[in-house]
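Have the structure open as you read.

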Amino acid sequence: MRQPQVLPVLLPAAERLAKAAMRERASGARALRLEPAHGVALFAAFVLGCGVAQAQSRSYDPSILATIWKWTPLLARGFAFNLAISFVAMAIGSIAGFFLGFAQISLLPAVKRGAWLTTHFFRNAPWLVLLFYCMFLLPFQVTVFGVTIPIPDWTKATLGLALPVMANVSEIVRGAIQSIPTTQWEAAASLAFNRRQTQWMIIFPQCIKRMLPPWMNLYAILTMSTVLASIVGVNEMMTLTQRALSAENRPGLLLAFYSYVLLWFFVYCYPIARWTVRLEARYAVRQ
Amino acid sequence: MPEASTRPIVVVDDVHQSFGEVEVLKGVSFTVAKGGVVCIIGPSGSGKSTLLRCINGLVPIQRGSIRVASFDVHALRTDKEKIALRKEVSMVFQQYNLFPHKTALQNVMMAPIHVLREKPDEVRARAIALLTKVGLAAKQDAYPGELSGGQQQRVAIARSLAMRPEVMLFDEVTAALDPETVKEVLNTIRGLAQEGMTCILVTHEMRFAREIADEVHFTDGGRIVESAPPAELFDHPKVDRTRAFLSQVL
């Protein structure tokens with residue numbers, strides 16, 4: 001099919017910005033754009049931090065790199081905890097968001113309205129506020145049939161993070177479904193498919209490709225947001241870094257340690273962000 | 001076709017349809033005999049496509065009645081009732097509307113398996129036979145994106161036929177095709193008409209309409225202006241508006 005010709009000289013910036021805006025609207029969040037330059041800058045900050053700390057240390061202190069190395073196993077354990085929280089929150093949020101997204105296009109006005117409200121409430125509420133809500137409103141244990149089940153803090157934090165993920169996935173699902181041309185619904189209807197069959201067999205399979213890039217983007221954002229759990233006292237990387245710093249009791253270490261934490265997150269999220277961009281480009285050509 | 005004229009399978013009577021303020025159809029009436037081929041011609045925006053969509057219940061009508069086989073289309077309310085109708089009336093669209101994530105064969109097989117709940121083996125055999133009939137047996141594993149417009153449209157026709165409908169609706173099925181591939185699609189439709197399939201075509205292919213139709217309706221402004229067998233309508237139009245239109249397009 002022939003595409004309408006756009007003269008490349010005219011308004012290239014406007015067109016590019018419009019496309020970026022559309023992508024961001026579809027993904028429900030600001031697209032994460034990590035460049036190699038960001039990694040270089042982070043590494044530079046780390047080196048600078050180490051240099052400053054080295055200059056401030058006393059003669060009998062161990063070297064900065066040795067100190068960081070000493071704490072690395074503990075920090076790594078904390079990072080693994082961050083990842084665990086991100087996996088579980090993503091899984092819960094995606095499943096809940098998936099159904100919420102479909103509820104948003106329901107033909108029943110009450111369901112549609114309720115889903116819309118839920119989505120927008122959790123999407124626009126600050127993540128930290130939701131986290132606090134979950135931390136302080138959920139009980140620390142529940143008793144079901146006489147069995148007392150404790151709810152550890154990290155579970156509550158995970159739930160707190162799963163809520164905004166759910167809302168964002170809901171928007172991703174709704175956006176993807178509504179981006180499928182209505183003619184597909186018409187064609188399915190004229191072949192006597194019912195609405196449920198049309199959604200599951202015809203519309204949704206076509207959505208998966210469109211949903212994948214914004215979904216991965218959301219995951220990268222979530223991973224970086226897991227450090228919020230440190231504020232509510234979960235033993236993740238950020239909390240452990242603070243503990244390490246207070247144990248060392250050397251103020252000069254601050255910049256070095258926090259840049260080190262940033263580097264860990266960058267190394268983990270960078271490939272995801274690059275992969276997202278590549279998928280986006282690939283699917284953009286196909287459609 | 002002597003027996004064809006005895007029992008109308010589609011009866012459209014005084015149909016009014018409007019989108020909000022805009023009245024698209026302002027009292028359209030016509031009938032189609034079983035096995036008959038009816039062509040609807042007319043300028044763009046005269047309500048031709050809407051009329052087809054009304055016949056298979058995609059668009060509700062405000063006044064009048066439509067009867068297809070044993071269904072009172074205007075009275076269908078629930079999805080279940082509409083689905084029962086659409087098993088008998090199948091539609092082919094201008095933009096093919098194949099399912100892009102399925103191969104040609106899967107496109108043809110999907111509805112009979114999931115809607116009619118027939119056995120996959122039988123459906124498969126029938127689907128391959130249908131693709132062979134439209135000349136695309138070799139392309140059964142191709143995805144719609146890998147097929148030309150004409151090929152996609154023929155798959156779409158096979159997909160509709162797989163439902164074994166009583167009536168086929170064709171909505172400007174060649175309008176999006178380049179002139180060379182129009183022919184392959186028209187040949188397919190011609191074959192169907194000769195086999196006795198009841199067809200209602202909205203088309204801009206006047207020569208084809210003349211050749212294939214039992215009756216041609218010329219529509220303008222939401223009304224049928226003139227109806228006649230093709231030879232009469234094309235050669236001796238009685239209404240000025242028809243004459244003006246034909247002089248532009250022929």
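In this predicted model, helix 7 of chain A crosses helix 8 of chain A in a right-handed sense. The axes of helix 7 (residues 182-190) and helix 8 of chain A come within 10 Å, with a crossing angle of roughly 140°. The two helices are therefore oblique to each other. On the helix 7 side, the contact is made by Gln184(A), Trp185(A) and Ala188(A). Their partners in helix 8 of chain A are Arg195(A), Thr198(A), Gln199(A), Ile202(A), Ile203(A) and Gln206(A). By type, the residues of this contact are four nonpolar, four polar and one charged.

Helix 8 (residues 195-225) of chain A also packs with helix 6 (residues 153-179) of chain A: their axes come within 9 Å and cross at roughly 150°. Because angles over 145 degrees count as roughly antiparallel, helix 6 of chain A is roughly antiparallel to helix 8 of chain A. This crossing, too, is right-handed.

Which residues of helix 6 of chain A meet helix 8 of chain A? They are Leu161(A), Val165(A), Asn168(A), Val169(A), Ile172(A), Val173(A), Ala176(A), Ile177(A) and Ser179(A). Across from them, helix 8 of chain A contributes residues including Ile203(A), Cys207(A), Arg210(A), Met211(A), Pro214(A) and Trp215(A). The residues of this contact divide into 14 nonpolar, three polar and one charged.

Here are the two pairs side by side.

| Helix pair (chain A) | Axes come within | Crossing angle |
|---|---|---|
| Helix 6 and helix 8 | 9 Å | roughly 150° |
| Helix 7 and helix 8 | 10 Å | roughly 140° |

Note on methods
Residues numbered from 1 in each chain as written. Chains lettered and ligands numbered in written order. Predicted model: local features only at pLDDT ≥ 70, side-chain atom pairs only at ≥ 80, totals over all residues. Heavy atoms only, no water. Axes fitted to C-alpha atoms, helices over the stretch in contact; angles between N-to-C directions. Helix = DSSP H or I, 4+ residues; strand = E, 2+ residues; numbered from the N terminus. Parallel < 35°, antiparallel > 145°, perpendicular 65-115°, else oblique. Left-handed = near helix turned anticlockwise from the far one by under 90°. Contact = heavy atoms within 4.5 Å. Nonpolar A, V, L, I, M, F, W, Y, C, P; charged D, E, K, R; others polar.
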